[in-house]
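Please keep the model open while reading these comments. They are meant to be checked point by point.

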Amino acid sequence: MTGFPILSIMLAIPMAAAIACLFLGASNARWLALAATLVDLALGVLLWANFDIGGAQWQFVEYQPIFGRFGWALGIDGFALLLIELSVFLMPICIGASWNAITTRVPEYMAAFLLTELLMIGTFAAQDLFLFYVFFEGGLIPMYLIIGIWGGANRIYASYKFFLYTLLGSVLMLIGMLWMAHDAGTTNIPALMAHDFPVQAQTWLWLAFFASFAVKMPMWPVHTWLPDAHVQAPTAGSVILAGVLLKLGGYGFLRFSLPMFPQASAQLTWLVFALSAVAVVYTSLVALVQADMKKLIAYSSVAHMAIVTIGLFAFNRQGIEGGMMVMLGHGLVSGALFLCVGVIYDRLHTREIARYGGLAINMPRYALFFMLFTMASVGLPGTSNFVGEFLSLAGTYQVSTTITLLCTTGIILGAAYMLYLYRRVVFGEIKSDEVAAMADLSPRELALLAPIAVVVFWMGVYPESFLAPMRKDVATLVARAAPTAPVSDSRPTRGSALAANTGQAR
């Protein structure tokens, strides 16, 4: 596919469709949005099929200078490929989930979702530092509108909280980017990944980027915007927020923190491990006492993202591959769980767990899919999350047995709150006549959940198809993050610095 600008085309399609939607009626806007997202999905399949596993690190590269050091620079490696595939896979499902649920300002709603797709793909494909920042921060705007206009009763508070948390965290990152461009003399991300920044400056740069990525993940204690955003967002908004937008922070760690600031990453691994361990245990306990289904799944997302961060900062192949697999698996499973909540919310118009019960009697197909995604969420072998969590914890075990033990405890708590949720909603006696009258999954709802179920099993049974595209990039990242040369005369090598900082070297 040499010379074919597939990445630019994948960006142009949702942009053109978003503009066109604004001039159409509700029905036509729905169909156009669905068509545009399906075309991008088809291009994503083409991208996957033509990606050369084991070939050049950066593929499908496009570059067009604009002014000065800034240019339209696109390209992907294995990490970006997998996250783009996740984005284009979930987006048609989000449009389908909104088909009947959204009845006001439909053209604007569809345009906002198409713009979200554009910005997500652009973030993963950008190879220019400031182009990345434009896409990365631009994703705030359509999600802010989706929550603030089409959200629940407390949507204004939730949308402002979401916007302010994520925006303020990125101001420091922009300052760091300006310094990096000045020091390295380039804004090209691959060049910056190979550039050796001064050791004294790396800590400040790492903290500046951490301020943004930690909020995006989100990491404890800057996670409080997430439950509010999920509860107030429409179903499709929760799907794309949990499915893809939370992964921007993990992608940022892979693309910037680890390869560009390796010494600082080693020095501050103790901070990431400590915050992640607290997050896994604390948010799992909080999830156990939730009365709102969406809020419970939102807190579970914080715990799962903590498994990602401990894997990434384990500085070994198993940990990084595991962290990436957890991101992919969580994107699928959490999105499916929010869809399951949306199915029964559309029928009873409440997310209160106590209002439900006995759905297995009159909604057996729904109970089956809900069970599958519940089992995948707790890491049942043969499903997507098991592979990622196992690899992530195996990688962390090589560095810290204490952190591994704490995070494993959180996984056990995760099984407790998810199975407790499932028992209360699906089993027992039917609570009311309204619940008894709820119809089982419609053909449209089946069409939304079935593809996710297939991919969840695919990842669990044959994970190699997802591990292979990123394996070379993982090896490059590990080599970059763990050199043998000492950092300074008074500082041990990065590998031993990591062990000293965690205090549990093996």
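Predicted model: local features only at pLDDT ≥ 70, side-chain atom pairs only at ≥ 80, totals over all residues.

1. Is methionine 15 buried, exposed or partly exposed? Its relative accessibility is 36%, so methionine 15 counts as partly exposed, since that class lies between the 20% limit for buried and the 50% limit for exposed.

2. Helix H1 also pairs with helix H4 (residues 106-125): their axes come within 8 Å and cross at roughly 165°. How do H1 and H4 run relative to each other? They are roughly antiparallel, because angles over 145 degrees are put in that class. The crossing of H1 past H4 is left-handed.

3. A second pair is formed by helix H16 (residues 317-348) and helix H23 (residues 464-481), whose axes come within 10 Å and cross at roughly 135°. This angle makes H16 oblique to H23. H16 passes H23 with a right-handed crossing.

4. Valine 399 lies in the loop that links helix H19 (384-397) to helix H20 (401-426). With 8% relative accessibility, valine 399 counts as buried, because the cut-off for buried is under 20%. How far apart are valine 399 and phenylalanine 313 in sequence and in space? They are separated by 86 residues in sequence, while their C-alpha atoms are 9.7 Å apart.

How values were computed
Residues numbered from 1 in each chain as written. Heavy atoms only, no water. Buried < 20%, exposed > 50% of the residue type's maximum accessible area, 1.4 Å probe, protein only. Axes fitted to C-alpha atoms, helices over the stretch in contact; angles between N-to-C directions. Helix = DSSP H or I, 4+ residues; strand = E, 2+ residues; numbered from the N terminus. Parallel < 35°, antiparallel > 145°, perpendicular 65-115°, else oblique. Left-handed = near helix turned anticlockwise from the far one by under 90°.
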